[in-house]
Amino acid sequence: MTHWIGFAVEGLVSVLLLLTVIYCTMLNKQLRRLKADEHALKATIAELITATEIAERAIAGLKVTVRDVDQNIGDRLRTAERFAADISRQIEAGNVVLDRLTKVVLAGRPLTDPEGAAEAAEPAAAALGPTDSKAVAAAAQAFAQRTRARARGLAA
């Protein structure tokens, strides 16, 4: 019986050795796959690092561009505000000149009724508002010519 026990033990050891060899072969295949995956993963990581560096440089460039544009727009906005204020002052000065010209034109017209002078001046001033600036300019020129003619008459 000892012979059978030794034979059974050796058979069991050989089966276990065969299972170990098969298991080691399977592990070897899995390790090869993992090594291949590791190389692919390292390549992917290298590509991601490169893409990240490129993106960081692009972002830095965009930040510089945004600063330049912001400064340029700020300068242009300040210039536009100054121009708007200048134009507003010029419009106001133009309105003042137009009002003076209207008064000059109204003062230069002969009145048939001296008592109604104040009443006639108000509707005429309203009629010669800012929309009738060509007529006001023509009347001012006519008034200036009459004034020059009178001045020549007095000087002669």
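Q: How many of the residues of the protein chain count as buried?
A: Buried means under 20% relative accessible area, exposed over 50%, and partly exposed in between, using a 1.4 Å probe and protein chains only. Here, 7% of the 156 residues are buried. This is a predicted model, where local features need pLDDT of at least 70, side-chain atom pairs count only at pLDDT 80 or more, and totals for chains, interfaces and linings use all residues. Residues are numbered from 1 along each chain as its sequence is written, and side-chain values use heavy atoms, leaving out hydrogens and water.

Q: What does the secondary structure of the protein chain come to?
A: Helices (H or I, at least four residues) and strands (E, at least two) are DSSP runs, numbered from the N terminus. This chain has 3 helices and 0 strands, in the order α-α-α from the N terminus.

Q: How many residues does helix 1 have, and what span does it reach?
A: The expected span of a helix is 1.5 Å times one less than its number of residues. Helix 1 has 107 residues and reaches 151 Å from first to last C-alpha, close to the expected 159 Å. Its buried residues include G74, L98 and T102.

Q: What does UniProt list for residues 6–26?
A: UniProt annotations may be inferred rather than shown by experiment, with feature names shortened and positions in the numbering used here. An unreviewed UniProt entry lists residues 6–26 as "transmembrane region". In the model, that stretch is 100% helix and 0% strand, with its end C-alpha atoms 30 Å apart.
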